[in-house]
Amino acid sequence: MTATAARTEHPAPQRHRHIPGEAGLWVFLLGDMIMFSVFFGFIAVLHGRHPRMFRASQQALHPDLGLLNTLLLLIASALVARGLRQLRSGRPARTLPWALLCALGFAVIKGSEYALVIHDGHTPSSNDFFMYYFVFTGIHLAHLAIGIGALTFLIVLSRRPALSRGHLLAAEGAAAYWHMVDLLWLVLFPLFYLVA
C-alpha cells in the first residue's frame, strides 16, 4: 500500500468548530456594532467639517488616561479569553477576577477623566466635539457596565463544579459581549484622542 493510499483510507480527525455563544446574541452584537459604525461616521463627518475645532477640543482630553484605559481593556480581553479556555477544559478560571478588576479600573479612570474635562470648563454643551465625546463615550461606558455584569456572571459560573453545554454557551456569549466592548473602545479611542 502506498503512502498516498494510506492517507486517503485514514483521514486525520477534524476538530468540530462552532460559533461561540448563541446565534441570537450575535444578531444583537452585530446590530450594536452597526449602530456604533453610524456613530463613528458622525464623528468622521464632524472632523472633516470642523478640523480646527476638533483639534482644539482634543487638546482638552487626556490621551494618557485614554491609553491607560485602552491597555486595561486589552489586558481584560486577554484574561477573558484565557478564562474561557480554562472553563472549556474544566479548570478553574482564575484570570476572570483580574479581568473584572481591569474593567472596574477603566470605569474609575473614565469617571476621573470626565471630572477633569468638566473641571476645565468643557461640557456636552460646549461644542459638537464635546457633545459627541460625552454621548458616545457615555454609551460605551454603559456597555462597559453591562460587560462588568457579564464578567461577574462568568466568575460566578466558573465556581460551579461542572458546566453543562448551556452554561458553556452562556459563558461564550458573555465573553463575546466583553470582546465587543473592547473592540468599540479600540475605535473610539483613536477617533477622539489621536486623529488630528
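Helix 4 supplies the largest share of the nonpolar patch, 4 residues. Helices here are DSSP runs of H or I with at least four residues, numbered from the N terminus. This is a predicted model, where local features need pLDDT of at least 70, side-chain atom pairs count only at pLDDT 80 or more, and totals for chains, interfaces and linings use all residues. Residues are numbered from 1 along each chain as its sequence is written, and side-chain values use heavy atoms, with hydrogens and water left out.

The patch is formed on the surface by Leu67, Leu71, Leu74, Ile75, Leu183 and Leu186, with about 500 Å² of accessible area together. Two or more of these residues come from each of helix 4 (63-88) and helix 7 (165-194). Patch residues have over 30% relative accessible area and no salt bridge, and nonpolar side chains are joined within 5 Å. Areas come from the Shrake-Rupley method with a 1.4 Å probe. A salt bridge is a Lys or Arg side-chain nitrogen within 4 Å of an Asp or Glu carboxyl oxygen.

Take Leu71, in helix 4. Is Leu71 buried or partly exposed? Leu71 is partly exposed, because its relative accessibility is 43%; buried means under 20%, exposed over 50%, and partly exposed in between.

Now Val181, in helix 7. Val181 is buried because its relative accessible area is 0%. Leaving out residues up to four places away in sequence, Val181 touches Leu73, His140, His143 and Leu144, where contact means heavy atoms within 4.5 Å. Ser77 is 104 residues from Val181 along the chain, and their C-alpha atoms are 9.4 Å apart.

Terms used:
Patch = residues over 30% accessible without salt bridge, like charges linked within 9 Å, V, L, I, M, F, W, Y side chains within 5 Å. Buried < 20%, exposed > 50% of the residue type's maximum accessible area, 1.4 Å probe, protein only.
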